[in-house]
Amino acid sequence: MQIGDGAWMEANGRYLHGAIARVQAALEQQKRLLEKGDEESAEIAELPPSKLSPPTTLEQLCQAFGLNSFERDVVLLCAGMELVPGWEQLCVAAQGNPQRNYPTFQLAMTALGQPQWQALQPQAALRRWQLVELGPGNALSHSLLRLDEQVLHALLGGQGVDERLARFQIPTPRGGQALAPAHQQLVDQMTQVWVHASEAQPVLPSLQLWGEDAESKQAIALAVCAQLGLARMMLAAEMLPTDPQQLTHLCSLCDREWWLHERVLILNCDCLSHGHAEAEQAIARLLDILTSPVIVLTRERRPQRSRLTVAFAVARPHPTEQRLLWQRALGELSEALNGQIDQLVSHFNLNAAAIQGVCLRVQSDLTEAAAGEPTLLTEQLWTYCRDQARPRLDDLAQQIRSPASWEDLVLAEREMQVLKEMVVHVRQRTQVYEAWGFGGKSGRGLGIAALFAGTSGTGKTLAAEVLANTLQLDLYRIDLSSVVSKYIGETEKNLRRVFDAAEGGGAVLLFDEADALFGKRSEVKDSHDRHANIEVSYLLQRMEAYRGLAILTTNLKSALDQAFLRRIRFIVQFPFPNVSQRAEIWRRAFPPQTPTQELDYKKLAMLSVAGGNIANIALNAAFVAAEANEPVKMQTILRAVQSEYVKLERPLTDGEVRGWVQK
């Protein structure tokens with residue numbers, strides 16, 4: 001219902017009370033007829049239309065629900081019970097029954113003139129739209145008749161959401177949010193669809209916004225309602241009742257909110273967990289039953305059922321749009337960045353809400369003196385972008401925090417050079433793909449995918465840590481052995497969850513144990529093997545499209561199909577370290593502040609173990625030395641070596657330790 005200014009509200013109240021006064025006069029007339037024993041029915045005066053613009057809430061109610069004059073006066077009969085003192089006694093006198101101090105249909109049909117029994121039927125407007133409620137009674141016509149609370153509030157000019165819907169409601173932002181140009185185009189398109197459909201269709205189609213960018217979908221839906229001048233309410237799909245009767249009741253309330261207040265339902269399905277069959281059925285049933293407008297927010301496009309659906313795909317803002325959003329949000333601060341916005345856009349794929357959040361945080365933290373310092377501003381923006389883009393990977397990934405640097409890596413020059421090339425590709429991808437046009441040549445292969453191959457402990461994870469620290473990005477380790485499922489289709493769902501959550505950028509993804517998924521195509525024997533190839537193809541497809549750096553690790557490169565390897569940009573082999581490399585690893589194994597005594601790194605290098613094992617031995621030796629309150633010595637290391645070899649289930653040979661400890 002449209003609500004005007006204070007003067008309009010005052011005039012609306014006078015009209016409503018005047019309309020109730022007519023009903024009151026009819027009840028008093030019915031009282032006198034009963035006292036005289038006259039069997040005639042009371043007469044009620046006509047209600048003249050108001051001259052208000054917009055019309056009064058009573059007139060809007062009648063128009064919205066198609067109420068005739070009798071049904072309108074039933075509403076007023078019930079409203080008098082709430083608004084006029086002494087109405088109970090008047091009901092008793094007009095019905096001649098001291099037990100009935102409340103309105104009934106029987107009273108309405110005798111006192112209001114033009115009695116209409118069909119107004120009592122469940123499919124008629126009064127009960128279909130739950131404008132009035134039936135209470136207890138021995139007969140239907142003698143049952144208590146009560147005005148619905150939400151209808152009463154609406155008649156008095158109230159605009160609140162029905163409390164029976166409020167418990168399903170998700171709060172929505174009050175102010176308008178900045179939109180990327182492409183998203184504003186979607187708002188305009190949806191508005192045009194709405195206007196055109198309202199002129200041509202008896203029931204508006206449901207509008208569907210699908211995609212992974214939840215914040216942008218919400219902003220678009222709210223902008224559509226604002227552009228059309230409509231109220232809105234956002235309900236959580238996972239909270240919908242699964243009982244059919246309760247769900248039907250909920251739909252009726254949603255429909256009534258539309259006719260009462262032109263309030264559009266925004267159904268948010270983004271928080272719905274995978275495999276929630278009952279909730280999915282409830283959503284489908286609601287969309288079939290609902291007759292009022294609805295905007296559905298969903299990750300994946302939902303199929304059309306009985307109701308016409310118009311779907312709009314929502315993608316994250318294009319890099320060009322992200323630059324514009326950064327400039328708008330930063331205002332004058334953007335001038336001090338000297339092109340650093342390109343680096344932010346290159347690494348962090350943020351939507352308008354996230355960009356606005358980062359900028360608000362920066363603007364609230366920066367002092368006036370620091371605002372003109374580009375280096376400090378860039379560092380803060382980068383840090384806050386990492387926080388904003390940090391993915392929610394739940395049980396599928398583990399964030400790895402490590403201070404590892406290039407000095408911790410011991411690799412041949414060739415492998416080191418490949419790792420440094422990877423850093424260059426990540427840092428310069430915006431320049432090459434966009435400014436130099438390589439991104440326009442092909443939509444495939446723009447992601448940076450790498451394969452690290454080598455036995456356990458040869459430095460694959462350490463190299464990923466070094467890359468993430470060099471790029472100042474978060475590192476997440478995903479154990480592919482836990483992602484792969486024996487159920488067909490589940491592996492792709494798990495992988496989709498990982499990439500969708502990380503799509504904001506700002507993360508290096510390390511897919512460990514790729515052997516759990518990869519296999520040679522020549523070994524395909526049944527449908528499960530064929531589906532495994534589909535899973536691998538899906539993983540590589542998402543890696544190619546991922547804006548960040550994605551790394552696979554494997555212990556056995558020879559097990560991988562060459563057709564798959566061709567789709568990976570970088571392949572780094574991590575060989576088992578030779579003697580000289582092991583000696584260098586030992587030199588770097590102990591931090592400078594660790595007390596050591598007479599360590600012979602050449603002799604330690606005779607131990608045939610990889611870098612990961614050396615790190616374990618060094619750490620265990622440090623604990624042994626600390627307990628003994630002495631520096632780390634060769635004898636101390638020997639004890640740690642023996643423990644490590646027990647864990648490896650390997651014998652410690654004399655050749656490995658000969659001559660480097662005193663017997």
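Modeller: Before we start, two strands pair here if DSSP finds at least two bridges between them. Strands (E, at least two residues) and helices (H or I, at least four) are DSSP runs, numbered from the N terminus.

Colleague: Good to know. What kind of model is it?

Modeller: This is a predicted model, with local features needing pLDDT of at least 70 and side-chain atom pairs counting only at pLDDT 80 or more, while totals for chains, interfaces and linings use all residues. Residues are numbered from 1 along each chain as its sequence is written, and side-chain values use heavy atoms, leaving out hydrogens and water.

Colleague: Thanks! In what order do the strands of the open sheet come?

Modeller: The six strands run S3-S5-S6-S7-S4-S8, with mixed pairing. Strands S3 (169-170) and S8 (309-313) are at the edges with a single partner strand each, so one side of each has no neighbour in the sheet.

Colleague: And what holds strands together in general?

Modeller: Strands of a sheet pair through backbone hydrogen bonds, in parallel or antiparallel fashion.

Colleague: Let's look at S6. Is it mostly covered or open?

Modeller: Covered: six of the six residues in S6 (263-268) are buried, meaning under 20% relative accessible area, where exposed is over 50% and partly exposed is in between (1.4 Å probe, protein chains only). Arg263, Leu265 and Leu267 point one way, Val264, Ile266 and Asn268 the other, and all are buried.

Colleague: How many bridges join S5 to S6?

Modeller: Six, between S6 and S5 (residues 231-236), and the two run parallel. Alanine 231 has arginine 263 as its bridge partner in S6. From S5 the chain passes through helix H11 (residues 244-261) to S6 in a right-handed β-α-β crossover; that is, with the strands pointing away from the viewer, the path from the first strand over the helix to the second runs clockwise.

Colleague: What about S7?

Modeller: S7 (residues 294-298) is joined to S6 by four bridges, also in parallel, and leucine 265 stands opposite valine 294. S4 (residues 206-210) pairs with S7 in the parallel sense over four bridges, with leucine 209 opposite leucine 297.

Colleague: Changing topic: where is arginine 100?

Modeller: Arginine 100 sits in the loop between helix H4 (87-95) and helix H5 (105-111).

Colleague: Which residue's side chain does its side chain make a polar contact with?

Modeller: That is histidine 142, at 3.0 Å. A polar contact is a pair of N or O atoms within 3.5 Å; within protein, one must be able to donate a hydrogen and the other to accept it, and residues adjacent in sequence count only if both atoms are side-chain atoms.
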